[in-house]
Amino acid sequence: MIPAGEALPWDLLVDDMPGDPYGIPDPIGTDKKVLTTSPFFSDYGHIPIGEFFYHIDLVGTGYAKKKCGTALPDKAGVCSNKPGTHKPVLIPNHCNRRICPVCWTHWAEQAGKRGADILNGYLTAKYGPEQKALPGMDRDLMLPRHFSFHPPRRIINILIDEVKKEIAKPSDFQRVFLRKLRDMARNIIESAGGQGGLMVIHEIRLCDDQADLQGDLRLSTNRYRQVLDRRDWRDHVKYYPHIHVLIFGAIENAREFEDRTGWTYRNHRVVHEPEKAIHYLLSHASAATRINAITPFGCCSQRSLAKVKEYRYREYIRCDECIDEGVDPDNAIRVVGTLDPHSLVYENSNDPLARLSGGLGKLIRWSIDDITPRHFARVHRVGVYEIVRPGHRVRREKDPTYLGEDWWTKYLREGVIPGSWFDPGGAGGGPHEPDN
Ligand SMILES: [Zn+2]
Ligand SMILES: [Zn+2]
């Protein structure tokens, strides 16, 4: 273990802020604050919590149901020209439980989309839909940054003792602990000057520091899932509660912050791909009942940022094989069909282990029972947000507005529907280094 106070190698590795990572004035925040990467990040190792450890639930560590990961045979997107030979698109069956080892990733993708919509909605509400940095301002400095905040071990121990006194049974431990930690973290982080953003609590990190580092660096869920997909995952993780945020605004200098609060932080990177970052953070997040895995706070909380409207667009999914054969795209739109459930054969049909890590694999054989005239579509959703100002009433539209392809494109172009601040090809986005 590296003693507290010494810079860990990944503090140097992950910093992708432009220029000198220390002492860059942040034009969004107040003048006295600077961006720094905390050199003080401390790993105090595993905190033993006894029997409570066996009542901790994390994303994807529960049991799957029988139908999880199979296909919904009555809602496939089949080719309207050659349904028997052109491969259908299947919709996987999801139980929508985040503790499901098969379905968590679908849940995390949806949560990532909703989270990215909030971050994008805040940027648009604050700076307008043009997605342009103010003159002389680096666009990256307007985007949220990924920080992790680490309470001192002393604080964790105090919280644990408090929770022990309050709960009636061990299975209550995680929920009560997370509520307390979340409230405390929100106060501490807001006191450090952060304007707000999204918060995800992690209670564990991998025992293998190298694997932990690699996962964080690449936003790769594999390192964690290799461990969490095992039944004995608890033997390979440390109980080490900490808080990740995708946060707007300037954060207090790391040294002053630590002197004042005892907490430390790590500045990971500018967030260019929020969906990917959220999906990664959720891949090993806490999953206690009745506790949301993502908490919007500060300027992104529901009290400060109101979603006033939602635009939706049904994108028709076309058959690639038809298009490869030269069919006009307008005549290559898939339709909803029913497959014979007993006819489906996949690559991993007979390999439950491969199914757990890689899904069912490619569809090899199928037969079709029924074809409807309904187009097969994927729904896109974009929210319009408004910053809530005291004394101003916010009008929220209850129902989403569905648009056809032409209006969707026109509205996006005109900025009626907010484009993505995170899209490097977007209106104001210049080239930037990809997160990797
Ligand atoms: Zn499931
Ligand atoms: Zn086709």
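Predicted model: local features only at pLDDT ≥ 70, side-chain atom pairs only at ≥ 80, totals over all residues.
Q: How many residues of helix 8 are buried?
A: Helix 8 spans residues 274–282 and is mostly covered, with 8 of its 9 residues buried.

Q: Which ones are they?
A: The buried set begins with Pro274 and Glu275, continues with Ala277, Ile278, His279 and Tyr280, and ends with Leu281 and Leu282.

Q: And what percentage of the chain counts as buried?
A: For the chain, 37% of the 436 residues count as buried.

Q: Let us turn to helix packing. At what angle do helix 3 and helix 4 pack?
A: Helix 3 (residues 153–166) and helix 4 (residues 173–191) pack at about 130°, and their axes are 10 Å apart. The two helices are therefore oblique to each other.

Q: Why are two numbers quoted for that?
A: Two packed helices are described by both the angle between their axes and the distance between the axes.

Q: Is the crossing left-handed or right-handed?
A: Helix 3 passes helix 4 in a right-handed crossing. On the helix 3 side, the contact is made by Leu159, Glu162, Val163 and Glu166. Helix 4 contributes Phe173, Val176, Phe177, Lys180 and Leu181.

Q: How do the residues of that contact divide by type?
A: The contact of helix 3 with helix 4 has 6 nonpolar residues and 3 charged ones, with no polar residues.

Q: Changing topic: how many helices and strands are there in the chain?
A: The chain has 11 helices and 15 strands.

Q: In what order do the strands of the 3-strand open sheet run?
A: The order in this open sheet is 3-10-13, and the pairing is antiparallel. Strand 3 (76–78) and strand 13 (368–375) are the edge strands, each pairing on one side only. From one strand to the next, the twist averages 40°.

Q: How many bridges join strand 10 and strand 13?
A: Strand 10 (residues 335–339) pairs with strand 13 over 4 bridges, in the antiparallel sense. Gly337 has Ile371 of strand 13 as its bridge partner.

Q: Finally, what share of the contacts with a separation of 6 or more comes from residues 24 or more positions apart?
A: Such residues account for 80% of those contacts in the chain.

Notes
Residues numbered from 1 in each chain as written. Chains lettered and ligands numbered in written order. Buried ≥ 20, exposed ≤ 12 C-beta atoms within 10 Å, placed from the backbone. Axes fitted to C-alpha atoms, helices over the stretch in contact; angles between N-to-C directions. Parallel < 35°, antiparallel > 145°, perpendicular 65-115°, else oblique. Left-handed = near helix turned anticlockwise from the far one by under 90°. Contact = placed C-beta atoms within 7 Å. Nonpolar A, V, L, I, M, F, W, Y, C, P; charged D, E, K, R; others polar. Pairing = 2+ DSSP bridges.
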